[in-house]
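Please look over the sequence and the structure before reading on.

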Amino acid sequence: MTSSTSPPRARLRDLVPHVHLGTWKPGPKNGITDVPGVLANTITIREGNGSINTGVTTILPRRDWFHKACHAGIFRFNGSGEMTGSHWIEETGLLHSPIIITNSFAVGPCYTGIYKYAIQHYGQGEQGIDWFLLPVVGETFDGHLNDLSQFAVTPEHVVQGITNASSDPVPEGNVGGGTGMMCQGFKGGTGTSSRVVPSDSNDGVEYTVGVLVQANYGRMKHLHISGVPVGRVLAEKAEQDAAAAAQKREYDAAKDQKDGSIIIIVATDAPLHPLQLQRLAKRATVGLARVGGYGHNPSGDVFLAFSTGNEIPVQTVTGQKREVDPFKPRKLNIDYVDDHTISGLFEATADATEEAIYNVLCMAETMTGHMGRTVEALPLDKLQKIMAKHKEAEELSLDV
């Protein structure tokens, strides 16, 4: 059970200042909106006397996502989940849709919501809608804490999320699509982090990698924080307390039925082409594995990476207009990073993914939801003690 003396919820860096989280520095907000031009919004829905706990997380790759596509790539670590629009991204390497993350039963309303926003803002011609758009919607399962039968998410939530998306820091924990999620034996949800990687330019150019996760996977015993087996220690302690042991058994039973998934979105302003972005998305797996993710069979672990480094014109060929001739190849001038110099971006992706999941766990609060089920938050006081003891042991080993 969460201790009554536990400190207020806070991000891991603030709780454990000495923690090692890689060598690249974070951006000023330590979040996905550190990437220039990337916007985000969270809408949290908590209703029905505690039985409805869900929401919508919106990410806009750029404000004019409709006309100016980003290069993008997808990696599927385990496929027991959904991300709509993925076939088109894999076919063309282009992302020209908002990215919406929600619960498993709200994919349809969110898909419709993107279309509603597009119709309101981009209209239709005399012969009807003639533009092309395949919405991107990802999901994880929140049925343990949220009454899915109520279909609380509506298309209007998505319209609101796109309209209000901003570069402000993204709220974390029990917010947005992550409101009802569970992670590594504790309350899960939404988290974000970023890293800054200097380029080889002499004019001080730096590239930012920002990650946002919706974390809803895993078991307590597998949880590691900066390499420390925090979950194993807490699991052993839980077995010594009847109430904590019962809570752990309930959590594990829920995960036996449906090990909920993780959606990871990676954004960068480094100019990368689609194959490089597929490679970047794969590196999110490294961060997930460090924390304790295995990609179990019923888990939907789908990762999308996109780059704002180039603007690719879309909507140039529609039913009623042609700005280009689709049968006469036209050259586009794009920049992209030399593959021999991409390793820093790989490291940044892994490190930011790892920290984003930590921020989920540290910011999420204990929740009692559907059917009176309770999922406890990670006990921050115990986390601090475990990390402090590890630090002491590490320092003693240096004296040997």
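The text below goes from the whole protein to a single residue.

The model is predicted. The protein contains nine helices and 14 strands. Its radius of gyration is 21 Å, close to the 21 Å given by the globule rule for 400 residues, so the protein is as compact as a globular protein of that length. Of the 400 residues, 56% are buried. Among contacts between residues at least 6 apart in sequence, 80% join residues at least 24 apart.

The table gathers values for the protein as a whole.

| Property | Value |
|---|---|
| Box filled by the C-alpha atoms, along the principal axes | roughly 70 × 55 × 35 Å |
| Accessible surface | about 17000 Å² |
| Share of accessible surface from carbon and sulfur atoms | 50% |
| Positive side chains | 35 |
| Negative side chains | 44 |
| Separation of the centres of the positive and negative sets | 2 Å |

One residue is now described in detail. Gln-315 sits in the loop that runs between strand 12 (300-313) and helix 8 (343-363). With a relative accessible area of 9%, Gln-315 counts as buried, because that value is under 20%. Apart from neighbours within four places in sequence, Gln-315 is in contact with Phe-66, His-67, His-96, Trp-131, Phe-132, Lys-321 and Glu-323. For Phe-132, the backbone oxygen lies 2.7 Å from a polar atom of the Gln-315 side chain. Glu-139 is 176 residues from Gln-315 along the chain, and the C-alpha atoms of these two residues are separated by 27 Å.

Methods
Residues numbered from 1 in each chain as written. Heavy atoms only, no water. Helix = DSSP H or I, 4+ residues; strand = E, 2+ residues; numbered from the N terminus. Buried < 20%, exposed > 50% of the residue type's maximum accessible area, 1.4 Å probe, protein only. Contact = heavy atoms within 4.5 Å. Polar contact = N/O pair within 3.5 Å; in protein donor to acceptor, adjacent residues only side chain to side chain. Rg over C-alpha atoms; globule rule 2.2 N^0.38 Å. Areas by Shrake-Rupley, 256 points an atom, 1.4 Å probe, with all protein chains shown as cover. Lys, Arg positive; Asp, Glu negative; His and termini not counted. Charge placed at Lys NZ, Arg CZ, Asp CG, Glu CD.
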